[in-house]
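Dear colleague,

I am handing over the structure below, together with some notes on what was found in it. Please keep it open while you read.

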Amino acid sequence: MNKQQLAAKIWESANQMRSKIEANEYKDYILGFIFYKYLSDKEIQFAKKEGWSNKEIESLSEDDADTVIYFKENRGYFIAYNNLFSTWVESGKDFDVSNVRDALSAFSRLISANHKKLFDGVFDTLQTGLSKLGDSAASQTKAISLLIHLIKDIPMNGKQDYDVLGFVYEYLIGMFAANAGKKAGEFYTPHEVSLLMSEIVAHHLKDKKEIQIYDPTSGSGSLLINIGSSVAKHMDDKNNIIYYAQELKKNTYNLTRMNLVMRGILPNNILTRCADTLEDDWPYFDENDPVGSYNPLYVDAVVSNPPYSQKWDSDNKETDPRYARFGLAPKTKADYAFLLHDLYHIKPDGIMTIVLPHGVLFRGGEEGAIRKNLIEQNHIDAVIGLPANIFFGTGIPTIILVLKQKRKNTDVLIVDASKNFIKVGKNNKLRASDIKRIADTVTHRETSPKYSNVVSRDKIRENEYNLNIPRYVDSSDNKESWDIYASMFGTIPKTELNELEPYWQAFPALRDALFNETSSDYVALKADEVKTTIKQHSDVKTFIESYEASFGTFNKFLSNKLLTPLLNKEESGNISKQEAVLSNEIFSRLKTISLCDKYEAYQLLNDSWINIAVDLEIIQTEGYAATKQVDPNMVLKKVKGKEQEVQEGWMGHIMPFELVQKTYLKDELQNLQKKENRLAEISAEYETILDSLLEEEKEADTIKESGDDFINAAVIKEAKQLKADIKQNSAYTDDSYEAKILKVDKLIAEEKKLKKDVKAATEKLHLQTKDTIENLSNEQVQELLQLKWINPLVSALNKMPETIINNLSSKVESLAKKYATTYADVAKDIQDTEKALSGLIDELTANEFDRQGLDEFQSFLKGV
């Protein structure tokens, strides 16, 4: 089971187990237990690394003062053997909720002084919430027992990118957020938004050897962690990143600490506070040594997603150094208070990104004054408009603001990314290509029609410091217009044809092959078959040949980058860096190819990479032998009225059974498919026969439906009697009731035998596939990975030219169809219809008054 499958399984079970408990509450319990398991497992790993035997580990006790001190000095905490997570699991029926209460109480006592800030009170939310898991100690024990057995299989020793624990934790937070409604905003920034902010920050910091990052409204800590992960791609040692986090709500603050610790970040690199960011700024000193440790907090990057437009107390803040230079945000909306706080804490060469409601771009009053000061003092670097409904619990439009302390340029990049997303359930979601496009646009400060614009400060001054995105970027769709001349005479206006200019530039002679010029402003379609003309044109063929030449060796390139290192047992390195290498290669090959959107190609890569990365992570962690491994296929089934996991055959750890069968067991697979096809034919045959029976024959109660079985035992009984009659020289015509019953009887017998054969062949093929995977040669593994990883990606990329050509064909056909019917044609159709209707009226019979009415209607139709 890979990490995606494990996370999905845990979520599905946890969501059922929480019953009536709110998702926002239940997350604190399950995530708290996951963290306790992590600390328990890490203590055992440390003990074994230090040479402790299992028997010695079982002797771990709070009574052994020297051992307690030793573990506290090295791990920051101590957990006695009786309180270990694994001990709870092994306790079976002897486990009790009191074991958890005692363990959590002991943990709070046994934290080292140096780790007090990191661990103190981290389980408070879990400890106080245990009573909500049941009405009695017995029901609480049952609920907790189910929960700990649910998470017991999460591995806690992630290597390289295969951070199963971190993935599961992040996955659960995301799923709980999706089910928490408006409360989701308190602890979660959507992963895609987090990634976008991370890419922007990481690029700015890529040349630094040591980095400090800070999130003043940290929530679950996911945003801060994603920033760290993106920055780490550009560094030799990820331990050179210091994490600062501040969060107001205690339960959410605990999530931040848990999340940071479980990502393997060194304890000394984690500095957290539970405090009100606006009221209680980060202290400039350690409380134990206020004079010697005095040091204002200035970091390389600040990232935040603060609560939107909340009230705050601005009294007596005029001299606060965070706000003194720019002004105070209004009491009813703290958006700019959070922004100014973030800006204050970045170094002169630092960067900050913040998510805010789009109202901060144009609201007046105190906010307008602050915005003017920020622009005049040259701090705002970029404005990114996000799609609406992208955050859980709120549908309001949001933006990302990028600010810096010192900038050489004075312009502001405005990006309207509000149209680029996919819909997932009730929410909108940024795709990988959307994130890449935005990040590249910000990094390279690109102006792109209907998407982005680098705006001068003078232009912003002209707009009175209003940064509302539509003032600078018009991303609206072109309104459809109708040309009067073209509508009258059936021609096509050149102005509308010119909207396809990128195609005409790519295919210089194609336009003349499709259209005749009727005047200086209009053309007429001359090609009878638009698609055929386009596809057979020499310019289009040259375009396809050029694309194929550019990507002709891409298959080999992928093989060398992904497969060869595995076969040679070479270290393949950071997986996320590998994707960047492949995307750069695709972009490079597309440089000379017109019309191809490199971000569409990037999306194709990412769609494939999601699956490739999973396999690479497993191979990196478990070794090449994992490619030849099969696992029990566990499914949930009801056993004696209770759902239990039972084995139902096998599944490839990496290699899909279906792929192996298609590649190495073709004959067996085809034989099985023939039998399955024949089964379908039999079913269709006797359904047809039974449908042909007369109603009175059907009413004889010899036939009835029962699931997939259409034949009653009475039919078989009657067939036996008919066979006996035949032996006594009775004869039946082919279309007689008796002949049909005999035919169905024969089909039933064939079906019964065939079902047995199919079942036996399926089981045999299944075991053959298992055996084939377990005995694959390295060359066969390479071939299967080629088929699984590389061929689908190459195939998808090779379809890009065809998609472009089809789009052009569709646009030309639509344009031609738009003006194919002239006004004269429409008028004639109306006239013909009126004439026909008038003729029908003449044939009607009516009384005197109705006839007068019909005559009047006819006069309207005739235009009298």
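Does T663 count as buried or exposed, going by its relative accessibility? T663 counts as buried because its relative accessibility is 17%, where buried means under 20% relative accessible area, exposed over 50% and partly exposed in between, with a 1.4 Å probe and protein chains only. Before going on, please note that this is a predicted model, in which local features need pLDDT of at least 70 and side-chain atom pairs count only at pLDDT 80 or more, while totals for chains, interfaces and linings use all residues. Residues are numbered from 1 along each chain as its sequence is written, and side-chain values use heavy atoms, with hydrogens and water left out.

T663 belongs to helix α27, residues 657-664; helices here are DSSP runs of H or I with at least four residues, strands are runs of E with at least two, and both are numbered from the N terminus. Leaving aside residues up to four places away in sequence, T663 touches E783, L784 and L787, a contact being heavy atoms within 4.5 Å.

Helix α25 (residues 575-590) has 16 residues, which at 1.5 Å a residue should span 22 Å, and its end C-alpha atoms are 23 Å apart, which agrees; the expected span is 1.5 Å times one less than the number of residues. Among the buried residues of α25 are I575, L582, I586 and F587, and the buried residues of this helix pack against α16, α23 (538-551), α24 (554-567), α26 (598-622) and α32 (778-798).

Helix α2 (residues 23-49) packs with helix α13 (residues 250-262) at an angle of about 35°, their axes being 10 Å apart; axes are lines fitted to C-alpha atoms, for helices over the stretch in contact, and angles run from 0 to 180 degrees between N-to-C directions. On the α2 side the contact is made by K27, D28, L31, G32, I34, F35 and Y38, and on the α13 side by N251, L255, M258, V261 and M262.

Most residues other than glycine have a negative phi. N378, although not a glycine, has a positive phi of about 65°; this residue lies in the loop between α15 (365-376) and β6 (380-385) and is buried, with a relative accessible area of 10%. K450, also not a glycine, has a positive phi of about 60° and sits in the loop between α16 (432-444) and β11 (452-455), where K450 is partly exposed, with a relative accessible area of 38%.
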